[in-house]
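Please walk me through this model, starting with one chain and ending where it meets its partner.

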Amino acid sequence: MLPHEKSLVKRLEGKPFALLGINSDGPVDEVKKILAENEITWRQAIDEDTSGKWATAWNVQGWPTIYVLDHKGVIRFRDVRDDEMDTAVTKLLAEMEAK
Amino acid sequence: MKTKWILPLAAFALLAVGSTSYAGPPLGDPAKKLAELIEKRDAAMAEWQKEMRAAKDQEAQQKIWISRPGPEFLAGFKEVAVEAKGTETAEKAWIEVFELATEDNKIEDAKLALDAIVADHVTSPNLAAFASSLSYAGQQIGRAQVAEALRTIVKKSPHRTVQAPALFSLGTILVESSVAGEKAEARKALERVQSEFADVKPKRGSAYAERAKGFLFEMDHLQIGMTVPDFESIDENGQKFKVSDYKGKVVVLDFWGNW
C-alpha cells in the first residue's frame, strides 16, 4: 500500500489530485512520528482510533477502507488498492480533462 | 420441627441462585465433564499466554501463536453437547463448539452447532454474545443459513437482550446481499434495532442502535454513484478541513492505520 501511494502522489504532483489519509493510530503526536518514520507527505485527518468520529460515522469496519471520488465529489470506486487505485485515479483524471 | 426446614430451604436457595432457565440436575455427568473441559482449556490457554509473553522476539512469538490451544477440545465439547441434549449443559457446550469450529474453520461442526442451538435453545436468555458473533459468520458458513438462523432467533426468543443482537447481525449480514428483497430486509432489521431496541447494549462497545445507524448511513450515503457526504476533521498540523474543500479534484480517501 504505502510504497504504491507514495509513487502515486509523486507521479501526480501538480495535477488536480489529492490523497487524504484518515488515520486511526492515535493522538496527533503519535501520528506525526509515524508520518516522519514512513516519510508520508500527504494530509492526514487525525481520527484517533478505530472508533474515531469519522470512522464511526462512516461505518468503517476494516482498515484500509478506500473511497475514490471524482472531481464533482461523486463516489466512483471503493476499496481499490495499489494498481487498481492507480487505474481508477488515472481514469477519473482523464475524464476530467476530457470535459 | 422448625429446624427441619432450614436445610431444604437453604439447598433450594442455592439452586435458585445457580440456575437460569433450565431446571435440570445441577451437576450430572455431562455437566461435570463440561466443567472439567472448560477448566482444562482455560489452563492450556493461560499456559499459552504465558509462553507468548515470554517469547524473545516476533519470530518466536509466531511459532507459539500457531500452537494456540482450542482445536483439541472441540471433540470433547461436541460429545458433551450430544450426550446432554436439550439441557443448559448442551447449550454451553454447543456454544463452545461453535466458537472453536469457526476459529479453526471446521465448517461442518460450526453448522451442526448452529442448528442445535437454534433447534433446542432458542428461548435461552444466554444467547446474546452468540447472536452477536453470527454477524461475522455469514461468509464462513453461508449467508443463507446464518440469516435463517437469525430470523428464527428474532422470532422465537422472548428476550430483548437476545433479539437486539440477532436483528443487528441479520441486518449486517444481508446488507451486501444480491438476493431479491434481502437488502430491504436488512434495512428493516437495522431500522427496528434503532426504533425498538435503542436501550440494548452489548457487554462491551457501543449500543446496537448506534452501530445500526452507521450501517444505514453507509447504505444511504456511501454507495458508488452517490455524492460523498461532507465531513470535517482536523489534520496533523491542527488545521480544520472538509472533504468539500477538495471539490474540483480527484480524491482518494484512505482510512488507515500503521498496525
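Within chain B, 56% of the contacts with a separation of 6 or more are between residues 24 or more positions apart; two residues are in contact if their C-beta atoms, placed from the backbone, lie within 7 Å. This is a predicted model, in which local features need pLDDT of at least 70 and side-chain atom pairs count only at pLDDT 80 or more, while totals for chains, interfaces and linings use all residues. Residues are numbered from 1 along each chain as its sequence is written, and chains are lettered from A and ligands numbered from 1 in the order in which they are written.

Chain B has 12 helices and three strands (DSSP runs numbered from the N terminus, with helices being H or I of at least four residues and strands E of at least two). Of its 259 residues, 31% count as buried, that is, with 20 or more other C-beta atoms within 10 Å of their own, C-beta atoms being placed from the backbone.

Helix H12(B) contains 14 residues. Its buried residues include Tyr208(B), Arg211(B) and Phe215(B). The buried residues of H12(B) pack against helices H10 (160-174) and H11 (182-196) of chain B and also against helix H3 (53-57) of chain A.

The contact between the chains takes 47 residues from chain A and 29 from chain B. On the chain B side, H12 (208-221), strand E1 (232-234) and strand E3 (250-256) each give two or more residues. E3(B) provides the largest share, seven residues. Strand E1 (residues 17-23) of chain A runs parallel to E3(B), joined by seven bridges; strands pair if DSSP finds at least two bridges between them. Here Leu20(A) stands opposite Leu253(B).

Terms used:
Buried ≥ 20, exposed ≤ 12 C-beta atoms within 10 Å, placed from the backbone. Expected span 1.5 Å × (residues − 1).
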